[in-house]
Structure formats: structure tokens, C-alpha cells
Amino acid sequence: MTALNPLQKLWLTETVRLREEHAGALEDLEANRLARTAGGDLPTRIQHRALHLAERDGLTAALTRWLQGARLALVLLALVAVISGAGLAFAALGNGLAPVNVFWALGSLLGLNLILLISWALGLLFAGEHSASLGRLWLWLSEKLARDAKAAQLAPALLLLLQRQKLNRWAVGVLVNGLWLLALLSALVILLTLLATRRYGFVWETTILGADTFVAVTQALGALPAVLGFNVPTVEMIRASGDSALNIESARQAWAAWLVGVLLVYGLLPRLILALLCLWRWKVGRAALRLDLNLPGYSQLRERLMPSSERLGVNDAAPEQLHHVTGGVSELESDGALLVAIELDDQHPWPPKLPAQVKNAGILDSRESRNKLLEQLTRFPPARLTIACDPRRSPDRGSLALIAELARSAAATRVWLLQAPPGQALDAERLGDWHTALHQLELPFADCAPLNWLETGHD
Amino acid sequence: MTKPLKLAVVGHTNVGKTSLLRTLTRDVGFGEVSHRPSTTRHVEGARLSVDGEALLELYDTPGLEDAIALLDYLERLDRPGERLDGPARLARFLEGSEARQRFEQEAKVLRQLLASDAGLYVIDAREPVLAKYRDELQVLASCGKPLLPVLNFVSSSDHREPDWREALARLGLHALVRFDSVAPPEDGERRLYESLALLLENARPQLERLVLDQQVQRQARQQSAARLIAELLIDCAACRRSVVTEDEQQAIGDLRKAVRQREQKCVEALLKLFGFRPQDAAASDLPLLDGRWGDDLFNPETLKQLGVRVGGGIAAGAAAGAGVDLLVGGLTLGAAALAGAIAGGALQTARSYGSRLLGKIKGQRELTVDDSVLRLLALRQRQLLKALSVRGHAAMHSIKVDTPQDKTWREGKLPEALHKARAHPQWSSLNPHAKLSQAERQEQIEALAQRLDET
């Protein structure tokens, strides 16, 4: 199989997108992996993935068959064009028995072409992408000729892809103008053959128009071909042809040259120019065709094909167990009652009003204050110690270690979990964390001041 | 190929380090986030890439919890007559046995920071500036790596940003970034990376690339989202059911069900597009319940809530949301079909219109989705889109999203594309024999998406 050209690759990618959009995502683990390994930017990877999926599901083969169908359809259309072009020429000149009415001949050669040319141009200007029944006919024919269920999304995909760059009109333009060019060429060839091998006399007829009109029209039409070197019948010849076909060679040749010239200039030439113009636009647009990465179908692929973030995994594993802080009580001889607070902010008025027997050890925050108090407690252990904590802080290991150390230097310790300052609420989850942590230290706690206990030793 | 910039995300326990990583990587499943202290006990990395090139590596570390004791310990490491600098002291600490016992978690953090180019020091801005945080910063500073303080939870009402600014300035940290990992500001990531670029001049090009890429991707996401919503609207506008009068109630029920399911599909696609899982939307502000809208689309109350004006019939709830085209009222349909016919696809329109007309003569009626339901769909999806684009990937609780102020969808004329869709039943995936790939449909979706993106 020949390698796919860029357009076909884009086409297959679009087809796969449509398929996934309509029938759900395809199984794409392998395709994604391959696309990731192949590297490149996102469009390249998306294409890589799509081509792999297309190959796997037989879409590529379907595309090849579709292309064969399209070529066959094109050949059929071309054949029709050639035959109808020849038919035009035969119809224009007739069987040679009767003299040829020049304007009838001109009408049958160029009339239909002119009408369809105008309708095509109008369609191009106003209807945008939806005109050109000939283009539709071709698509329909190719689909019929391809006869493949897998190809169901192929034609829509192509249309969508081309439409995004507004390329439909130019592609169809190439087709339409090319076919007409072919038809007119065949008409020209038949015309020349007939003129070369048969003898035709040329007349014009009228009932209500004057001869001058015909002279003017003939000369006006002949002016452009004359630039290219085609003969124009002289005024006398034209006037004379109004009565009956002139039986002189020069008149026949002049009329024949005029007819061929007009067909060439007003039939073939415009179609040729338009076909080339469309071809140029098509080539330019085709080179600019890209995947539209903003389509939801493609933007969802980004994370799979070119993840903007990936996890790197754990590079320093968690320990089996965190350093454990243990509680305990002082075995030393102890006396007195002490209240201390840990890491309070300025929203708590501190200290509360204390009974005379209870000493206040202030708020512990810095290392210095901690060490000072711990040293003091080791020397004079209190009988009862209450540690006030703000449960809005998180119960981290440092705070728990401090609480445990304080508790170890007192005979009995209670923890007072302060209420939230007015207007605020405690976070229930965090309070729960405090409860769990203090349970592990085996310290009793309460949410109200155990001042009574501090003072007397019982509640 | 440049070497990726390595950043260690450090800070006290429970300040949202893993959340910050989730938001920066847009990965809702990264690590574990909970209210408990020391949730993360290991070091885990994530890589940010642009065009397949790794630019940034972020490492989530355990929280520092015992900095006061650690600093105390560190200061006692100096032997008599010796004056160690920060990194040398840390090196001695990391070799010692306490780095494997009491300070095992702290040692992990320090090791990672030493191996990184810089650290992001995450701060819970609601916390008072306690001595332990200052000691933490002092320990971290001794690594000799640039530190960028990141103020988390700044969208909370009781944050203490000024206190923190002052305290950080006293410690010589003047550059800092506000970044709420739950509700990150739209330019939050850009500011974070720009501040980093000030600290790490060499890494500026790659950080700028990252910023640029994220901007591009954000736009792409918005456009994709607009397309998804546009497809939903076109599908619903073009939806059309022929029904004989007797079965009308049943058919209305079916139609509503189909529209609800279609909306759900769009919601799921939007969630996926923004990197959220359906369950992430549960129990959150996203006006969704369990990943689906709680208020029923066809409840007249829902319409009122979002300020969509409804006509008498619907407010009464008679045929809420299902406009019924009667033969007499077929004038509107006729006009729409005619407009569609002129616009193109004349043949097809005429054909479908013909069969519909035939159906009417046979006594059938046409059910369509009412204009106000389309408005509601547009409003709700846009509200969801707005919520999703400001939602951090660490969000576990709700953020308030204002009721959208878009007058255009609430009152103004519906976009032209929807009127056209009305005349093209084959454009709706909810109808049988849909032709979804039709070029005209795509064109209208494009136009509608653009309109949705603009307003």
C-alpha cells in the first residue's frame, strides 16, 4: 500500500474522531502508548494514534477503497462529461442537411454552460458551502461505489475537515469546472471534426429583429476571439447569411472560425481560468489544513497523549511508623497547681481569672519560653497541671511532644481545649484530631476550664 | 533539552502542600489530602511538561512538625570551637541517627529541598505567626536554597496576610505569592511562576514557556467547553417529536427524559474536560448533586430561580418545557422552516417540512423543547463552566458561584443558530435519523460556540 499523503492522514484522524464521538471511545491503550513513544507535538501524536486505530479497524483499507470508488466515480462523471460534450456539438451542428442556424448552435453549445456557470458563481458568493449538487453527486456516487459500512464516517469527515478551512467550495470548484472543461473540450474536438469532415452552411434567422442587430452582435462576440486571431465574418457576409447559407468557401470558413473562437473564448477559457483558480486556492488551503485542537474530541486526548503533568511516583517512602510520643507522669514529689497555655493567638484573653492557689505560667510559644518552663517544672514539679490548647491549630508532633513533656513533669495533667473566640466556630474534624491525639497520650481533656480541679484536686 | 527545574513543596503539616500540588498539576488524584496532620509521610513527585518536554518537577514532602526541637538539636551539633554554616550543619544532621528516628520526617523534607533548585514554602494564612513557623523557616533557610512563600487559604475571611508579610520580611523573604489552592485566582499560576523566575533567573525561559502553554490550554479548554454547550443547545433546539393527541403526556415525559439525559452527558463531558471526576463534583458548590444537577430542568421553580421569564402556560406547569406546535400555531414553524429553506439545504428542509405537514393533517402534533428550557440549559451550563474554571483541583469543599448575570441568555433574543436548528430535526442527536456531521450543523455549532465564548 502506498503511503498516505498529509490530507489523507488528516482525513483518517477526523474519521476516527467522528467515530469516537458517535460510537463511544475506542480501546486505545496500545495506540496511545505508541503515539507517546513516537513523540512530536500534539497534532502529530493525535494523528499517530488515529492512524494506528484506523489501521487496526480497517479504516485505512476502507479509505483506499473509498478513494478507488471516488476515482471510478470521477471516471464515470468524466465519461458522462465527454459524451454530453460531444452530444452538445452534434446537437449544435445537426446532420449537415439543413444549414446551421449560428445563434441556435451557439446557444446549444454555450447556453447550459453559461446558466450553470452563473448559478455556480452565485452559489459560491451567497450559499457558502451548501451548493454544488455536482459535488454532492460525486460524494454520493463514491460512497455507493465504495460499498463499505466502515466508510460511513469517511465522507462526513472529509466534508467537516475541508469545511473548517472553507475548502469545500474550491474542491468542488475544481471538480465542476474541470468536468465542464472536459465537456467543452470534447465539444470542441467534435465540432472541429465535424467542421473538418462535413460541409455546413451557416444562416441566421429573425422575424422581428433587424439585420443590424445581428451584425452588431456577431461582431461584438467576435471581437475577443479576433484578438486571438480568429476570423470574424465581414459585414457583407453576415448580411448575406441572413437570406440563405452562402455557398462560398471563405464565408463558411469565416463562420466556422467565428463559432470555434466564440466557444473557445466564452466557453473553454472561463472554465479553464476558474478551474486553475480553484485549483490554486485548493492547493493553498490544503497546505494550511490542520487539526482543530479545540474540538472536544481532541482536547480530551491531550492528557492521554501529551500529559501536561505526570506523576513521578514516591522517591522517599513513608516510614513504617512515625516517631511515637509517649505520655507519663512525674514520680517526683510534687506540689501546687499550674496553668499553662500553648501557642495562643491574641484572640484569646489570657490568663482567665485564677484562684489564688493556681499559678499562671503564661503562654508557651518560643523555644526559650519552653525550655525555661520545662527546667522550672523539673525542679519543682506541680501536683496538678492544666495545659490550655487552641484546637484551631493542628495537633502536630511538635505540640504533642511538648504536651507530653510537660505532662511527664507533673503528677497529674489535664488538657483544656479552648472554645473558639466569639463569632468563630471550631472545625469539628480538627477537634476530632485533637481528641485522637490526646487519647494516644492518655491525657484527660475537656473543653471547659478545669479550675476547680486545679484548685482543690477533685471536681 | 533543558533540565527540568526541581521544586520542593515544603511547609508545616496541614497547610495544603498536597493540595497545592494537585492544583498545579491539575491532577485530582495526586497524593492524599485530609484534615489529619501528617497525612503525607513520603516524598512524591510530579512533572509538568510542555510539548512533551519536561520543564518542572514538583515534589510533595511531609509536613514539618517539630521544627523547634529540630532547630534546637541542630544548634547543638556544632562541636566546641567550630562554626558550621547551614548546609554543613544539615549534612551532619542527615548523617546522624536522629535523622532516622525522631526527626525522620523532617530529614526527608530537608533532603528533598537540598536536592531541589528551590522550595515553595506553603503557609496557611489563617494561622497566627507562631514561633514554630519562624523556626521552621530558619531550618529551611539553612539549606541554602531560594524559598518562595506561598500564602494558601487567602480567600478565607479570617486570614492574617499582613502579619505573615511582616514576619516574612523580618526573615528576609520579601517575595511571596498568594495562591489559594482551593479557589486559585485565574492568574495565580502565572504569578507563582513569575515570582519563581525572579528568584531563579536561569529558569526564566522554561517558566515563561510553562506560563504561556497554560494560557493557551486554558483558552483551548474554554473553547472546547463552549462547543460542548453549543452542541447540547443545538441538539435540544432541533429535538422534535411527532405525537398523536392521545399519547401526548407520555411523549412529553419521554422528551423531557431525553433532554435531561442529554444535559447530563454535557455535564459529564465538561467535568472530564476540566480534569474532574464526576464524584469530585459531589458535595460541593458545583450546583450538581452527585455529579448531576439537583434542580430539575422542567421545574418551573428552577426557571424562576435563574431568572428566566416564562409564559403563563409553563408557569402553570401544564406542559412545562414542551412547546406544542398546533396546526394553527404552525405558522411559527412554517416561518422557521422557510428561513431555513432559504439559508440552504432547501431540498432536505422542504422534505422534512412536507412530512411534518402531512403528519399534522393526520392529526399529529409536534413536540419541541421550549425556548425557556433552552435558556435555562444555556444558563446552567455556563454557570457550571464558570465554576469549573475557577475551581482548584484540590477543592473538597464548596465555593460560592454567583448566579450568572448574563442578561443575553435570560431575556434577549435567542441566537440565530438555535432558530435555524428548530427547522432542522436531523441536527439533533435526540431525533431518529440524525445527521450530525452535516456541514450546516457544524457551521451553526461553530457560530453558537463563538457566541457562548464571547458573552
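Chain B is divided into domain 1, which covers residues 5–199, and domain 2, which covers residues 238–454. The model described here is a predicted one. Within chain B, 13 residues of domain 1 are in contact with 11 residues of domain 2, and the side of domain 1 of chain B that touches domain 2 of chain B is made up, by class, of 5 nonpolar, 4 polar and 4 charged residues.

Chain A is likewise assigned a domain 1, residues 6–305, and a domain 2, residues 337–456. The centres of domain 1 of chain A and domain 2 of chain A, taken over C-alpha atoms, are separated by 91 Å.

### Where the chains meet

Between the chains, 48 residues of chain A are in contact with 59 residues of chain B. Several elements of chain A each supply at least two residues of the side that touches chain B, including helix 1 (6–23), helix 7 (154–164), helix 14 (367–379) and strand 3. Strand 3 of chain A provides the largest share of that side, with 8 residues. By class, the side of chain A that touches chain B has 18 nonpolar, 15 polar and 15 charged residues.

Strand 3 of chain A runs antiparallel to strand 2 of chain B, to which it is joined by 6 bridges, and in strand 2 of chain B the bridge partner of Val314(A) is Glu44(B). Elsewhere in this sheet, strand 1 (residues 5–11) and strand 4 (residues 118–124) of chain B pair in the parallel sense over 5 bridges, with Ala118(B) of strand 4 of chain B as the bridge partner of Leu7(B).

### A parallel sheet in chain A

Chain A holds an open sheet of 5 strands with parallel pairing, in the order 5-4-6-7-8. Strand 5 (358–364) and strand 8 (445–446) of chain A stand at its edges with a single partner strand each, so one side of each is left without a neighbour in the sheet. Strand 7 (residues 412–417) of chain A pairs with strand 8 of chain A in the parallel sense over 2 bridges, and Phe445(A) in strand 8 of chain A is the bridge partner of Val415(A).

| Strand pair | Sense | Bridges |
|---|---|---|
| Strand 3 of chain A and strand 2 of chain B | antiparallel | 6 bridges |
| Strand 1 of chain B and strand 4 of chain B | parallel | 5 bridges |
| Strand 7 of chain A and strand 8 of chain A | parallel | 2 bridges |

### Two packed helices in chain A

Helix 1 and helix 7 of chain A pack at an angle of about 115°, with their axes 8 Å apart, which makes helix 1 of chain A roughly perpendicular to helix 7 of chain A. The crossing of helix 1 of chain A past helix 7 of chain A is right-handed. Among the residues that make the contact are Leu10(A), Trp11(A) and Leu18(A) of helix 1 of chain A and Leu154(A), Pro156(A) and Leu161(A) of helix 7 of chain A. By class, this contact of helix 1 with helix 7 of chain A has 9 nonpolar, 1 polar and 1 charged residues.

Key: Residues are numbered from 1 along each chain as its sequence is written. Chains are lettered from A and ligands numbered from 1 in the order in which they are written. This is a predicted model: local features need pLDDT of at least 70, side-chain atom pairs count only at pLDDT 80 or more; totals for chains, interfaces and linings use all residues. Domain bounds come from an automatic or database domain assignment. Two residues are in contact if their C-beta atoms, placed from the backbone, lie within 7 Å. Ala, Val, Leu, Ile, Met, Phe, Trp, Tyr, Cys and Pro count as nonpolar, Asp, Glu, Lys and Arg as charged, and the others, Gly among them, as polar. Two strands pair if DSSP finds at least two bridges between them. Helices (H or I, at least four residues) and strands (E, at least two) are DSSP runs, numbered from the N terminus. Axes are lines fitted to C-alpha atoms, for helices over the stretch in contact, and angles run from 0 to 180 degrees between N-to-C directions. Angles under 35 degrees count as roughly parallel, over 145 as roughly antiparallel, 65 to 115 as roughly perpendicular and the rest as oblique. A crossing is left-handed if the near helix is turned anticlockwise from the far one by less than a right angle, and right-handed if clockwise.
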